[in-house]
Amino acid sequence: MVVTDTLSETRLSQPILTVRGVSRGFARGSGEIRVLADVDLSLRSGEIVGLLGRSGSGKSTLLRIIAGLIRPSEGQVVYRGHPVGGPAEGIAMVFQTFALFPWLTVLQNVEAGLEALSVPAAESRRRALAAIDLIGLDGFESAYPRELSGGMRQRVGFARALVVEPTILLLDEPFSALDVLTAETIRTDLLDLWTERRLPIKSMLMVTHNIEEAVFMCDRILIFSSNPGRVAGEIEVTFPHPRNRLDPAFREMVDDIYAKMTARPSTGAAGQMPRLQLGSRLPPVSTNVIAGLIETVAAPPYAGKADLPEIARTLQLEIDELFPVAELLHYLGFAEIKEGDILLSSAARSFADLDTQTRKKVFAQHLLASVPLAQHIKRVLDERPGHHAPRVRFEQELEDHLSDGAAEETLDSVIDWARYAEIFAYDDQSEMFSLEDPGG
Amino acid sequence: MPESAIRYAGLTARGLIPNRWDVIAFPLVFGLLLLAAKGAHETLAPLSSLKEPVVSLDPLNLPEYALRTTLRMLAAMAASLLFTVTYGTLAAKSRRAELVLIPLLDILQSVPVLGYISFTVVFFMSLFPGRVAGAEAAAIFAIFTSQAWNMTFSFYQSLRTAPRDLQEATRNFRFSAWQRFWRFEVPFAMPGLVWNMMMSMSGGWFFVVASEAITVGDKTITLPGIGAYLAQATAEKDLAAVGWVVLAMIIVIILYDQLMFRPLVAWADKFRFEQTGPQTAPGSWFLDLLQQSRLLQTLTAPGHQLLRALARRRFAPLHSRSTSPSETRSGALDLIWSIAVAGAALFAAWRVIEYVASGVGWDDVLNALKLGLFTLTRVVVLIAVAALIWIPIGVEIGLRPRVAEKIQPLAQFLAAFPANLLFPVFVVTIVHFDLNPDIWLSPLIILGTQWYILFNVIAGTMAYPNDFREAASNFRMRGWQWWRQVILPGIFPYFVTGAITAAGGAWNASIVAEAVSWGDTKIVAQGLGAYIAENTAAADYPKIVLGIAIMSILVTAFNRLLWRPLYAYAEDRLRLD
């Protein structure tokens with residue numbers, strides 16, 4: 001295996017693609033909801049750049065803007081000296097869901113991109129077979145995607161993207177739909193091809209929410225913050241390939257990124273998270289997961305204080321799964337999140353030892369005290385003569401602050417928690433909130 | 001095939017349709033009918049010079065008649081496909097076109113096909129000086145109108161629901177619009193389209209039989225075919241000939257099933273979108289034969305290559321920037337467009353009302369409404385009766401997979417079999433026992449379409465998850481509780497699908513089933529179908545328009561107020577996946 005340090009080369013070369021002041025928003029009521037705000041970045045020859053952030057941070061949107069699939073509301077993407085106004089030549093994409101055509105064989109799928117460019121049949125066949133060979137798919141040429149495992153399908157996705165000989169390869173969470181072992185194999189295969197310079201591409205831009213993956217693969221990591229998405233920090237990764245995940249320096253960098261991602265420099269005092277507002281987005285976190293995390297952190301060896309990266313590793317959670325729960329514990333007054341650590345409050349420590357009924361009561365208190373939306377719904381129901389209120393009333397209020405999907409998700413989350421806490425009831429059939437207790 | 005049954009449901013799940021545009025679609029449809037009627041009046045004269053082709057009752061002629069009938073079906077199918085691809089694409093790609101086209105389509109499919117056959121016959125005869133060609137075209141048009149709408153809906157919905165990641169992939173790889181259409185959109189729409197084509201073909205046999213012998217005023221137009229043979233046999237009171245024609249139809253449908261339906265379904269299976277692993281793929285010996293015949297492959301290879309090369313062409317420059325969907329919405333243009341459409345609709349509505357008012361009074365309207373309610377009652381009662389009979393039977397069959405495998409093709413066959421071929425048998429019985437036609441003619445309207453309920457219920461039961469059945473027996477759920485809580489909710493979506501099809505077919509069938517004859521004996525039940533049939537025979541155009549309009553309104557109201565809420569409920573609450 002050839003080990004190369006591409007960094008020096010990177011610094012010298014001109015950017016092949018520049019993103020300048022790109023924003024993206026959509027109209028909502030009187031104002032506008034921004035998913036992406038004022039993003040700048042450049043991509044140089046010979047580097048792998050990671051866009052790391054949580055869901056809702058607009059990183060996939062940014063990738064699609066770069067690909068010319070979506071237009072930015074403001075700013076522009078300059079590629080080879082020209083602004084990108086549509087799908088551009090030399091920018092190919094690998095999709096999280098593979099996006100293979102189920103009615104085409106592996107070979108036909110790989111050839112599809114060449115066909116679109118009107119490449120003559122014989123040449124197209126030769127190039128497709130070469131790409132299939134390169135990516136380790138030989139023998140599968142005549143198989144249909146549904147006959148393949150997820151890993152093999154994503155290899156087709158790679159072959160299809162590489163065969164058009166792109167300058168830039170865009171990767172949209174390419175490994176997140178795969179199991180851990182498969183993802184690792186394909187990652188290392190790809191990195192081997194990259195470091196051996198056997199890939200026709202000049203640069204890769206990868207969206208991910210997996211911190212370890214970003215540190216493992218990228219030369220540069222851009223950390224995105226959410227609502228609206230913006231670049232919150234940039235980290236250079238200078239370890240030579242192949243990288244060792246157990247190397248202390250590697251681990252330190254992962255921990256460091258965790259700390260950066262849990263701190264919120266843009267809001268309030270240093271490292272302090274703001275309180276929830278009425279229009280805040282609430283993550284779809286089940287009460288079982290909330291209780292589970294409290295129990296795990298309360299129990300030995302953590303005894304109330306734990307390192308988030310370590311929790312993520314032992315529980316096999318992605319940051320997209322762990323962060324929302326940890327933050328929710330923080331908002332509910334069950335924990336404090338600081339510099340990548342989670343510290344249980346005294347309420348949470350006792351919560352771990354309670355029986356189900358008492359847990360529900362404690363949870364109800366915390367929910368009403370710290371989630372304004374739950375408070376608001378409860379107050380409206382209390383005030384109304386019949387103690388009923390339609391869902392649409394609250395949904396419309398939320399839509400002033402959130403996109404359609406987020407408003408719906410937020411309301412569903414609060415319904416789930418309120419049902420557990422037994423503070424109000426909801427009938428999905430009639431879409432009505434009420435104070436009724438179906439039990440009696 | 002459970003999966004397919006659900007796919008067919010696509011045509012009724014029309015969440016995307018803006019209701020307020022119905023107000024516009026209705027008048028437009030009837031405006032077009034009026035145009036046809038105008039043409040009809042002016043072209044009645046040349047009809048008298050038409051030399052009627054005579055149909056012989058000799059059974060030896062039946063193969064030729066069957067062939068001609070089948071050719072009419074295929075011609076109509078070709079026309080339907082062409083219509084589907086153009087209309088469906090236009091509706092899916094243009095927002096302004098969609099606003100008009102989709103409600104229009106929705107109304108069109110509630111207009112009884114056999115209602116306006118009188119207009120179209122005369123209209124097409126006037127188009128073709130060669131006359132026979134005109135009559136052929138009219139019959140083909142009638143079959144076309146019975147086939148095209150659900151296919152178009154299916155295609156349109158496939159285009160609208162094409163998965164986003166694949167759309168992005170085609171754009172990222174810079175497919176031109178033409179390439180995207182053939183490489184992505186058409187294949188994605190294929191399974192739904194093929195299934196709806198097959199359903200349309202099944203339904204079409206009924207209309208081809210009905211449209212081959214048409215009486216408008218004092219003129220009867222006969223086209224050599226199965227339907228004309230039946231009409232002749234009925235006129236001559238020849239029961240043996242009825243037997244022959246039934247036999248011929250059975251053979252035709254079996255051949256059609258083996259040589260067309262199964263190969264197409266087996267072929268279309270490769271376009272199935274679900275990425276899940278292999279399940280029992282539909283097979284067809286005929287398709288295998290075609291694919292394995294080297295001679296055939298060689299002969300058709302040039303055609304194959306031509307088509308492939310055509311699909312590969314870009315027909316657009318590589319550097320076109322139009323691939324990104326436009327997001328600009330021009331308010332002013334939208335307003336002008338809306339006003340123009342509304343104006344056209346108002347004008348059409350005014351012309352229709354003016355025309356109908358010239359020939360009918362308020363008494364007629366009230367009378368037609370009353371008759372409409374009779375037919376409505378018939379449809380409702382018979383669907384209920386059919387449900388009571390076929391749900392228990394279908395469930396029992398579906399629970400036994402081996403039996404179901406044998407019964408399911410039979411149910412599909414029965415659904416395709418044109419029930420009007422069997423009408424004479426019922427008529428003879430009613431005449432013989434002197435039964436009350438208001439009651440005893442009623443079963444005829446559901447004779448052909450009740451099978452949709454049966455085979456959907458069987459499909460639903462077969463698709464019912466085994467876990468649930470085991471859980472039910474584990475908790476000893478039996479009897480009424482088992483029906484109420486275990487199986488009925490599980491098959492409900494399938495039942496609704498079947499019942500919608502059955503009800504739609506029943507409305508159409510009422511036009512031929514409420515007024516029947518045997519030789520000189522005429523039996524008529526009170527109902528809107530008989531009203532339309534009698535006025536067609538009398539060539540009383542304003543009354544025909546009135547009858548069709550009222551039937552369309554009833555069908556639409558029935559769909560909106562009963563079927564659509566039921567379907568939404570089933571989709572929402574009772575899905576098992």
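Visitor: Into which domains is chain A divided?
Guide: This is a predicted model, and the domain bounds come from an automatic or database assignment. One domain of chain A is built from two stretches, 7–90 and 166–262.

Visitor: Which residues form the uncovered face of strand 12 of chain A?
Guide: In a regular strand, side chains alternate between the two faces of the sheet. Strand 12 of chain A covers residues 335–338, and its covered face holds Ala335(A) and Ile337(A). The uncovered face is Glu336(A) and Lys338(A).

Visitor: Which residue takes a positive phi in the hairpin of strand 12 and strand 13 of chain A?
Guide: Strand 12 and strand 13 (residues 341–344) of chain A pair in the antiparallel sense over four bridges. Within this pairing, Ile337(A) has Ile342(A) as its bridge partner. The hairpin has two residues between the strands, and the positive phi, near 45°, belongs to Glu339(A).

Visitor: Which residue takes a positive phi in the hairpin of strand 4 and strand 5 of chain A?
Guide: Strand 4 (residues 74–79) and strand 5 (residues 82–83) of chain A pair in the antiparallel sense over two bridges. Tyr79(A) stands opposite His82(A) of strand 5. Two residues lie between the strands of this hairpin, and the one with a positive phi near 55° is Arg80(A).

Visitor: Why is one side of strand 14 and of strand 15 of chain A left without a neighbour in the sheet?
Guide: The sheet is open, has three strands with antiparallel pairing, and runs in the order 14-16-15 in chain A. Strand 14 (388–390) and strand 15 (425–427) of chain A each have a single partner strand, so one side of each has no neighbour in the sheet, and the reason is their place at the edges.

Visitor: Which helix of chain A packs on this sheet and touches strand 14 and strand 16?
Guide: Strand 14 and strand 16 (residues 432–434) of chain A pair in the antiparallel sense over three bridges. Pro390(A) stands opposite Met432(A) in strand 16. The helix that touches both strands covers residues 391–399 of chain A, and its direction makes about 55° with that of strand 14; it is helix 15.

Visitor: How are helix 14 and helix 16 of chain A set relative to each other?
Guide: The axes of helix 14 (residues 372–383) and helix 16 (residues 404–421) of chain A come within 10 Å and cross at roughly 70°. The contact is made by Leu373(A), Ala374(A) and Ile377(A) of helix 14 and Val414(A), Trp417(A) and Ala418(A) of helix 16. By class, it has six nonpolar, no polar and no charged residues. Angles from 65 to 115 degrees count as roughly perpendicular, and the two helices are therefore roughly perpendicular.

Visitor: Which element of chain A gives the most residues to the side that touches chain B?
Guide: 24 residues of chain A are in contact with 26 residues of chain B. Strand 6 (91–94) and helix 3 (106–116) of chain A are the elements that give two or more residues to this side. The side divides into 15 nonpolar, six polar and three charged residues. With four residues, the element that gives the most is helix 3 of chain A.

Visitor: Which helix gives the most to the side of domain 1 of chain B that touches domain 2 of chain B?
Guide: Chain B is assigned domain 1 (21–45 + 66–273 + 336–346) and domain 2 (360–577), with C-alpha centres 21 Å apart. The contact takes 34 residues from domain 1 and 35 residues from domain 2 of chain B. Among the elements that supply at least two residues of the domain 1 side are helix 9 (177–211) and helix 10 (226–235) of chain B. The most, seven residues, comes from helix 11 of chain B.

Methods
Residues are numbered from 1 along each chain as its sequence is written. Chains are lettered from A and ligands numbered from 1 in the order in which they are written. This is a predicted model: local features need pLDDT of at least 70, side-chain atom pairs count only at pLDDT 80 or more; totals for chains, interfaces and linings use all residues. Two strands pair if DSSP finds at least two bridges between them. Two residues are in contact if their C-beta atoms, placed from the backbone, lie within 7 Å. Axes are lines fitted to C-alpha atoms, for helices over the stretch in contact, and angles run from 0 to 180 degrees between N-to-C directions. Ala, Val, Leu, Ile, Met, Phe, Trp, Tyr, Cys and Pro count as nonpolar, Asp, Glu, Lys and Arg as charged, and the others, Gly among them, as polar. Angles under 35 degrees count as roughly parallel, over 145 as roughly antiparallel, 65 to 115 as roughly perpendicular and the rest as oblique. A residue is buried if 20 or more other C-beta atoms lie within 10 Å of its own, exposed if 12 or fewer, and partly exposed in between; C-beta atoms are placed from the backbone.
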